[in-house]
Amino acid sequence: MAAYDFVFDGLGLREWCDRDASPGPMSMADLLARGAGGQAEKSWMESLWELPFPSLDALNQACPAIARSRDLTRGLEQSFLNVRDPLRVVLDPITQPLSWALENALHVFTSTPWWIMLPLLLLLVWVASRSWTLMGFVGGALAFLLFVDHYTFAMQTMSIIFVCAFLCVLFGVPIGIAMSRSNTMQRLTIPVLDMLQTLPTFVYLIPLIFLFSVTEPKLYGIAIILYAIVPVIRLTDLGIRLVDKDVIEAAEAFGMTRHQKLVRVQIPLALPNIMAGVNQTIMMSLAMVVIASLVSAPGLGVLVLRGIRNLELGVGLMAGLGIVLLAIILDRVTKAALARVNAASSVPRH
Amino acid sequence: MDKNASISICNLYKIFGTQPLKALEHVRGGMGKTELMTRHRHVLGLSDINVEMKAGEITVIMGLSGSGKSTLIRHVNRLIEPTAGEILVNGENILTFGETRLRELRRKQMSMVFQHFALLPHKTVLDNAGMARSVRGDDRAAYEEDACGWLERVGLGGQEGQYPHQLSGGMQQRVGIARALTSNAPIMLMDEAFSALDPLIRTDMQDLLLELQQELQKTIVFISHDLDEALKLADHLVILKDGIIVQQGEPQEILLNPNDPYIVDFISDINRARVLRVRSVMDVAPVAPPQTAGKVDADATLESVIALSGGDTALSYEVHRAGAQVGYLNMQKLVRALVPTQAAQNGMRHSTRTNSD
């Protein structure tokens, strides 16, 4: 006796419902109801009060031919599994370079001796920021990581971020430019970006685990790139759309082609915004690389995971501190580079 | 390259909205701007514009904001496409030009100066000045000398390495002018070029423009909302109101014979003694009357003659141009010319206001 029996009876669909009725496994609720003994007739007030929403499960009780919500999730899984193989044939070769890049970067970062790596990184900081203070801070932070034997983990994390952030910029800036040029493109892209940004990070990993083997670096590489590419796309689009209309008009009045306009006017004037996007992208890669340790990404995230799994408080805290240090280093260096770009349009470069 | 280029605009209409062609029929049927807006939700930008801009002259298009003057100048290089009409540059209808020819036209025949300068903030003054040439594909070596020369000419010598934000507004606009001159195009479009500058600098820039024009004889289209500026610069003055040309002609002529209450209202506030020239109020006579107090130039302002006469209205002067006597000027007539046209009383101003309500 289900709440919606009357619908199917009324429509004369009873026969269709029960055609191949093979009652599914009995649920606990059914069992309890049976145990409670004979069903006392409920008053219409009671049955109205308990009337469920006509959901899949409620309808299924009245008519077994209708699928249950459990079948829906199973169907989703099954259809994903059905397209998996053809999808793999396409995606595997395309994404293979990502695996190579990550493997090589990991190898280079971890096998280069610390006394070469440290000066190189400090040189990079100097080139990006031209600030002795910042260089001193980065030097101190890296020395600390070396001192507490977290250096290798930190370098693994760093190398993954380098590769992923680079690829984000490589793909994100052109996508942003395309969005800024066409309103249709913008309308189509924004929902995708919104989805990438709001989808819980763990949810990304689930289909990726089905698609690729967990031992392949590209699995976490793709997850990080999908998550971190959003800000650089958004800010490139925004930056180009915000370029002074007067200057664009001048560019057109002097007969610039679309390409000249892009290279000579739009990108240079949008550069502060694009750099802000790059900063955000790098910070988001760092956030994701920690979560990606769930799917075998090496680095500090592995230590955090160990801390959680084995309840090793100290290990987790030290790794957390290392991540904070890396975050500060990356943020300050990219912000300093951004400040230099901003200053370039207000202070002469010689 | 053609040193002299003329522009003529014939029966030009511009209507902003979703179905401009449909709205055009209503406008041709005599519908006004307000009615078109309320009944069809289309904005009448320009209506039946006919202007002849002669080569080597400064044509000033004047009107208040919303009169369509900036829209009009953007039609000349097709930054805005017209709804109907023709735009002839050197006899060729540029509306038939494809993308490539239009780009060539913008690169080689025209240059533009903007109200808010529109310089590239990340480029030096020199690079900005050479922008038009580098867009054409010339390398820096080819235009550097020209650009430096023009920067020197507009008074920015030695500032080539600066960035625009390091310069004041007036100096930035000098860069804008140098950029237009370096392009070496025969047509210069100036969209409220001096409106953002403070009054003293504006006067300086006007003098600079006139001085350059005497030497270069370019075809200049100048947009302004300032009547004094328009009268000072114009060889040919076009007055726009609500997208319609109210009057056009030689500025002195418009000043002495305004044909519309709107213009009367407009000109009632200006200093006529400074704007009117001797040639506009003199009596044309080959022989001067006896007992003249001296000679004045035909292009002298009335102000200078008043100063010369010391305020004595009994005098008269011989008027000379290029050494030959062309007429004579009676001081009484001069003083009468200083009184604004009869219609320009407060009553007229009031009536125009009620009309527009």
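With Lys and Arg counted as positive and Asp and Glu as negative, chain A of this predicted model carries 25 positive and 25 negative side chains, and the centres of the two sets lie 13 Å apart. The accessible surface of chain A amounts to about 19,400 Å², with carbon and sulfur atoms accounting for 68% of that area, while 41% of the 350 residues of the chain count as buried.

Taken along the principal axes, the C-alpha atoms of the chain fill a box of roughly 90 × 60 × 45 Å. The secondary structure of chain A consists of 16 helices and zero strands, and, among contacts between residues at least 6 apart in sequence, 76% join residues that are at least 24 apart.

The largest nonpolar core comprises 85 residues, of which Leu142(A), Met155(A), Ile160(A), Tyr220(A), Ile224(A) and Val265(A) touch the most other members. Helix α9 of chain A, which spans residues 151-181, gives the most to this core, with 14 residues. When neighbours within four places in sequence are left aside, Ile224(A) is in contact with Ile160(A) and Cys164(A), as well as with Ser285(A), Met288(A), Val289(A) and Ala292(A).

Conventions
Residues numbered from 1 in each chain as written. Chains lettered and ligands numbered in written order. Predicted model: local features only at pLDDT ≥ 70, side-chain atom pairs only at ≥ 80, totals over all residues. Heavy atoms only, no water. Core = buried A, V, L, I, M, F, W, Y, C linked by side-chain atoms within 4.5 Å. Buried < 20%, exposed > 50% of the residue type's maximum accessible area, 1.4 Å probe, protein only. Helix = DSSP H or I, 4+ residues; strand = E, 2+ residues; numbered from the N terminus. Contact = heavy atoms within 4.5 Å. Areas by Shrake-Rupley, 256 points an atom, 1.4 Å probe, with all protein chains shown as cover. Charge placed at Lys NZ, Arg CZ, Asp CG, Glu CD.
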